[in-house]
Amino acid sequence: MIPPHASRPRPARHAMSVVLALSALTTAGRCAEVAARDTAPRFDPTWESLQRYRCPDWFRDAKFGIYTHWGIYAVPQFSNEWYSRNMYQPAHKAHAHHVERFGPVDKFGYKDFIPRFTADKFNADDWAELFRRAGARFAGPVAEHADGFAMWDSALTKWDAKDMGPKRDVVGELAQAIRRRGLKFATSLHHSWLWGWYATPDQTADIHDPRYADFYGRDLPTTAFKMNPEPPPDAAFCERWLAKTKELIDRYSPDLLYFDTKLHIIPEQFRLEMVSHYYNHAAARRQPVVLTYKKEDLQAGSAVLDVERGRMATIQPSPWMTDTSVARNSWGYVAELDYYTADRLVHDLVDIVSKNGCLLLNVAPRPDGTIPEEQRQRLLAIGRWLEVNGEAIYGTRPWRIFGEGPTKIEEGSFGDLKLKDFTAEDIRFTIKGDALFAIALGWPAKAQRGETRQMANERLPASDGLTRSATGTLSIRSLGRSALPERITGVQLLGQRGDLKFTQTDEALTIDLPPTPPGDYAYGFKISRSQER
């Protein structure tokens, strides 16, 4: 952001080659797939034009991605990634913590954390290899958070990771390392939040100093931080928002570009120009891309809907995405992270995929660039699970129903914070070709008295090394003869050779289970069917 008296930034340079027109497109999807023919730019800055896209197959097949919240906000290691704003709010606990540990905000402001953001142990190849081993098919960093500090080598500002702090082009290094491993490159922008982000009633704070206006932005009243800000963003702010977005697109050509919420405060003409620029840039490169948005920030059909820390309750006709984190209490690194368990993360992935969604999972590196062991363990646990059960995840599509079981989903953003853990009675379905997959979110076991019961999901770290041993059966009501028009002809347990014994009655398909499950967290069954009854 720049103060109103400053000159407006020059538009980001971008080379526009002759854009190839798209082959026949349908309106069924919700994101851009770019193909090619010789004509002028295909995508106009209108909703009608932008709603002609379908989601690229790579995204529909990928199912799982990883991104990182990493920036200056990792340095204080307190509260959450909103520290940069909250330290200036006198009533917030982050303010009291900041004054006690670092000093008053007129003497030590957020800008003064930048020299401490050293990233001296950051290794892009180490991160990319970890993401690959975790089973992610797309990955990348937050390019700019609400604090306004760009994590790439920007020509539009000196307040970036190449010129200050790490003195490295973090986005560029990760883009190369991730693509070298065959993954799609994803990155995110949150910079619409910068309007009013630092607004504070404390008139002594350094954010009021015009020397730092290029970083903190225009000196605004606290009402500018509202979801419908007063005053709204001015032209200079919106032009810089657009210029930074175009620069990121033109320089790194992300396969997936994620936008945080509050995009709606940017006037429509700027949003339309941003989307059309991204799609046209991709079309010139014959690059199928994905753009995500939240809530009603873009019009339905122009991009992929993303649900923050939440999900859909049922199968959606168009691909969608959930973004969530390995920890409940912060997206960025803090000293005390409240981690989700590995089985909860696997269950989330399975549930989301069964409803035509993809999961984007956040990790929170330390300010030195290392990813904490607790996070690495969880990622590697997901990767081990996918090595066994990936056939039921990658490249699949939703079945007639997403599943069965007692756990109820509260649809929408932040519903996951209220979600109870799944049980072994929760089953989710996917299909690939002729194969039907049923994934049980727990391992059923034989009770002591001989009747069948369901074991509670165990809360175990990814590296527990324990083996469950129990003989029992799994009953799936949705696959009984009264519910399924086809006859079941075979059942296999992923990760184990041979067929399992089963019976199909009017009420349910009942599968005889081996004494030892092939892994942890959730269990995939490959089911063959015949049209003959």
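Author: Helix H11 (residues 373-389) lies across S1 and S8, and its direction makes about 150° with that of S8. Helices (H or I, at least four residues) and strands (E, at least two) are DSSP runs numbered from the N terminus. Axes are lines fitted to C-alpha atoms, for helices over the stretch in contact, and angles run from 0 to 180 degrees between N-to-C directions; contact means heavy atoms within 4.5 Å.

This is a predicted model, in which local features need pLDDT of at least 70, side-chain atom pairs count only at pLDDT 80 or more, and totals for chains, interfaces and linings use all residues. Residues are numbered from 1 along each chain as its sequence is written, and side-chain values use heavy atoms, with hydrogens and water left out.

S1 and S8 belong to a closed barrel of eight strands, in the order S1-S2-S3-S4-S5-S6-S7-S8, with parallel pairing. Two strands pair if DSSP finds at least two bridges between them. From one strand to the next, the twist averages 25°. Strand S2 (residues 138-144) pairs with strand S3 (residues 184-189) in the parallel sense through four bridges, and Phe 138 has Lys 184 in S3 as its bridge partner. Helix H10 (residues 342-353) also packs on the sheet, where it touches strand S1 (64-68), strand S7 (320-325) and strand S8 (357-363). The direction of H10 makes about 150° with that of S8.

The model also has an open sheet of five strands, ordered S9-S10-S11-S18-S15, with antiparallel pairing. Its edge strands, each pairing on one side only, are strand S9 (403-404) and strand S15 (487-493). S15 is joined to strand S18 (residues 523-530) by six bridges, and the two run antiparallel. Ile 488 stands opposite Arg 529 in S18.

Helices pack on one another as well. Helix H8 (residues 235-252) meets helix H9 (residues 268-284) at an angle of about 10°, with the axes 10 Å apart. H8 is therefore roughly parallel to H9, a term for angles under 35 degrees. Among the residues making this contact are Trp 241 and Leu 242 of H8 and Phe 270 and Met 274 of H9. By class, the contact residues of H8 with H9 comprise seven nonpolar, three polar and five charged; Ala, Val, Leu, Ile, Met, Phe, Trp, Tyr, Cys and Pro count as nonpolar, Asp, Glu, Lys and Arg as charged, and the others, Gly among them, as polar.

Terms used
Parallel < 35°, antiparallel > 145°, perpendicular 65-115°, else oblique.
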